[in-house]
Amino acid sequence: THFGFQSVPEEEKEQKVHEVFSNVAKTYDLMNDVMSGGLHRVWKDVFMDRFSPAPGTKLLDVAGGTGDIAQRFLKYVRSPTHIDLDSDLSADIELPRDITAQVYMDPAEDTTDWSSSSSSDEEERRKNSSSRYIQRPDQNGSHVTVSDINQDMLDVGREKLLQLGYNAGISWFQGNAESLPFSDGEFDAYTIAFGIRNCTHVQQVINEAYRVLKPGGRFMCLEFSEVPNPLLRSVYDSYSFQVIPVMGQVIASDWKSYQYLVESIRRFPNQKDFANMIKAAGFRMVRYENLTFGVVAIHSGFKI
Ligand code: SAM
């Protein structure tokens, strides 16, 4: 085929994906807005609304990249009414810093940067316990661990969330979704947004999600999916194959990375097949919901 990444052998995929996200890290948020016309914010808001996490939830957000899900999670658990689906789409990142800090900063928090502790501290913590990754819950005990294979994406995210005043209830870890550096049953919930299609072994990722969740824990995935209506699908196909790589070239001088992103969407299993993979990992009450004609789907399942 004329699309360059389609023939990439499995063993090279991880390396390619890593290059793509290192290339796009700095322009990632901007490109998301441009290419989806801001819709990705709505999808993520709806995702958080469907998740409806209770205060005190210990969340693992895998392939968390620049922290959009973590940001919405912390906002939601602090004040569920903050997620206003009809509000100005940019409201969540346009808040002036001082206001954000006033609202979200726990006065008891210090400003120590816990996630860049010295290597001997880190070793000490590794030796100590499996709960080494659960640090500094926010004032109501909620916590999100953002994990991503790409440090460049995490760096952009950490900086962004600090700017927005989120310095408690969150930690950042570099790691592969296919073999997570966490113990069995550590988390109440697991989210993965626009990340699982980039992984080489998707079933392995879901199995790992099952392993790190507590009994009763919830798996939630937001991912591009299949548009069932043939007419809408052909419009969508033209847009994604013809427009997105051009935008990638114009805005980020990077045709190939954006071509890869489009191809990865087409290769990912459709709603039903993906639901079956979630069931195969052991999850129960597996459901999905289409957003925007199936351009995106939310899948959910419970470990019970
Ligand atoms: N969740 C974020 C969001 O919704 O904006 C980021 C999504 S971004 C499209 C996909 C992310 O998946 C990238 O940050 C990439 O580094 C990460 N990723 C790719 N393969 C991974 C793997 N095997 N394990 C963990 N993260 C991975």
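Tutor: Two residues are in contact if their C-beta atoms, placed from the backbone, lie within 7 Å. Keep in mind that this is a predicted model.

Student: What share of the contacts in the protein with a separation of 6 or more comes from residues 24 or more positions apart?

Tutor: Such residues account for 76% of those contacts. The protein has 12 helices and seven strands, and the seven strands form an open sheet in the order β3-β2-β1-β4-β5-β7-β6 with mixed pairing.

Student: Why are β3 and β6 said to stand at the edges?

Tutor: β3 (170–174) and β6 (284–291) each have a single partner strand, so one side of each lacks a neighbour in the sheet. On average, neighbouring strands of the sheet are turned by 15° against each other, direction ignored.

Student: What makes β4 and β5 a pair?

Tutor: Pairing needs at least two bridges between the strands. Six bridges join β4 (residues 187–193) to β5 (residues 213–224), so by that cut-off they pair. The two strands run parallel, and A189 stands opposite R218 in β5.

Student: Which helices pack on the sheet?

Tutor: Among them is α4 (residues 68–78), which touches β1 (58–62), β2 (143–148), β3 and β4. The direction of α4 makes about 175° with that of β2. Helix α8 (residues 151–163) also packs on the sheet, touching β2 and β3, and its direction makes about 165° with that of β3.

Student: Why is V144 called buried?

Tutor: The cut-off for buried is 20 or more other C-beta atoms within 10 Å. V144 has 31, so it counts as buried. V144 lies in strand β2 and touches L59, D61, A70, F73, L74, G169 and I170, leaving aside residues up to four places away in sequence. Buried residues make up 38% of the 304 residues in the protein.

Student: Which residues touch the most other members of the largest nonpolar core?

Tutor: They are A70, F73, Y190, V212, F219 and L222, in a core of 63 residues. Helix α4 gives the most to this core, with six residues. F73 touches M48, P53, L59 and V144, again leaving aside residues up to four places away in sequence. As a general background, nonpolar side chains in soluble globular proteins tend to be buried together.

Student: How do you know that the buried residues of α9 are on the same side of the helix?

Tutor: The buried residues of α9 (residues 202–212) are V205, I206, E208, A209 and V212. They cover an arc of only 155° around the axis, which puts them on the same side. What covers them includes β1, β4, β5 and α12 (271–280).

Student: Which positions does UniProt list for "binding site"?

Tutor: The unreviewed UniProt entry lists T66, D148, N176 and A177.

How values were computed: Residues are numbered from 1 along each chain as its sequence is written. This is a predicted model: local features need pLDDT of at least 70, side-chain atom pairs count only at pLDDT 80 or more; totals for chains, interfaces and linings use all residues. Helices (H or I, at least four residues) and strands (E, at least two) are DSSP runs, numbered from the N terminus. Axes are lines fitted to C-alpha atoms, for helices over the stretch in contact, and angles run from 0 to 180 degrees between N-to-C directions. UniProt positions are given in the numbering used here, feature names are shortened, and annotations may be inferred rather than shown by experiment. A residue is buried if 20 or more other C-beta atoms lie within 10 Å of its own, exposed if 12 or fewer, and partly exposed in between; C-beta atoms are placed from the backbone. A nonpolar core is a set of buried Ala, Val, Leu, Ile, Met, Phe, Trp, Tyr and Cys residues joined through C-beta atoms within 7 Å. The arc is that of the directions from the helix axis to the C-beta atoms.
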